[in-house]
Amino acid sequence: AFAPDQHRPLHGKHVLITAGPTREPIDPVRYIANRSSGRQGFAIAAAAAEAGAQVTLVAGPVHLPTPAGVMRVDVETALEMEAAVHDALPSDIAIMVAAVADWRADARAEQKIKKQKGDAPAPLALVENPDILAGLARHEKRPGLLIGFAAETEKIEEHARAKLAKKGCDWIVANDVSGDVMGGSDNSVHIVTANGTEIWERLPKPEVARRLVQKIIEEI
Ligand code: CTP
Ligand code: CA
């Protein structure tokens, strides 16, 4: 007999995912961003949809097709990403994979900023962006399973465990970005939870996505 729950174990669950970088405008032609390609977040969205979930993918500016069965919301800035995440609630599971820009320009210049001959460039005033993940952890509609990512270049587990506590999420998937991971096709991750740490060495991003979705299915 057909057993839908075996093939669609996340059927009836809403999974909210952020992915990609954010882009913070300085003036009409310039912005602050980072090297995130969005590939890991998009792969997780695809794997969650394959497992039967209803998936909302809030994506920063990336050059990737929308995975089958995924509802995609495109945003540019961290403030837009935060608003889109709140609009998508409630969700059963949230996975914050986006590389949110930590700072934005304090004021966006209306016109292109020009060089002034002989003058030193004006300093760029920055302000901190809201922490979308920490905000979700405190939200009255906090998802039942809240997962953060962390990009680290050293002391991976130590930094990840500190983030788990500071942000109030349930798991941190820590990326070792000391090599060519950012924007690349493989990932090495530490899964840091209250119960301990698992290490997944150098796997293709779609495989990290499938394993993560499998771990989520086992958890809920
Ligand atoms: N994050 C977020 N909003 C921000 C910054 C980060 O939601 N403004 C989320 C990311 O999506 C990720 C997690 O928080 O899931 C950790 O991001 P990371 O940049 O590693 O952590 P930060 O707290 O910004 O610390 P760091 O100073 O190391 O960049
Ligand atoms: Ca950061």
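**Around the ligands**

Modeller: Strand E9 gives the largest share of the shell around ligand 1, four residues. Helices (H or I, at least four residues) and strands (E, at least two) are DSSP runs, numbered from the N terminus. This is a predicted model, where local features need pLDDT of at least 70, side-chain atom pairs count only at pLDDT 80 or more, and totals for chains, interfaces and linings use all residues. Residues are numbered from 1 along each chain as its sequence is written, chains are lettered from A and ligands numbered from 1 in the order in which they are written, and side-chain values use heavy atoms, with hydrogens and water left out.

Colleague: How many residues surround ligand 1, and which are the closest?

Modeller: There are 15 around ligand 1, and the closest are Met96, Ala98, Pro130, Phe149 and Lys163. A residue counts if one of its heavy atoms lies within 4 Å.

Colleague: Which side chains have a polar atom by an oxygen of ligand 1?

Modeller: Lys163 has a side-chain N or O atom 2.6 Å from a ligand 1 oxygen, and Lys167 has a polar side-chain atom 2.9 Å from one. From the backbone, a polar atom of Ala151 is 3.4 Å from an oxygen of ligand 1. The cut-off for a polar contact is a pair of N or O atoms within 3.5 Å.

Colleague: How much of ligand 1 does the protein cover?

Modeller: 78% of the 570 Å² of accessible area that ligand 1 has on its own (Shrake-Rupley method, 1.4 Å probe).

Colleague: OK, switching to the calcium. What coordinates it?

Modeller: Asp102, through OD atoms at 2.5 Å from the calcium ion, ligand 2. Donors are N, O and S atoms within 2.8 Å of the metal (3.2 Å for Na, K and Ca), and water is not among the atoms, so sites may look incomplete.

Colleague: Where is Asp102?

Modeller: In the loop between strand E6 (93-96) and strand E7 (103-105).

Colleague: And the backbone: where is the cis peptide bond?

Modeller: Between Leu89 and Pro90, with omega about 5°. Pro90 is in the loop between helix H3 (78-88) and E6. Lys155 is one to look at too, with a positive phi near 45°. Most residues other than glycine have a negative phi, and most peptide bonds are trans.

Key
Polar contact = N/O pair within 3.5 Å; in protein donor to acceptor, adjacent residues only side chain to side chain.
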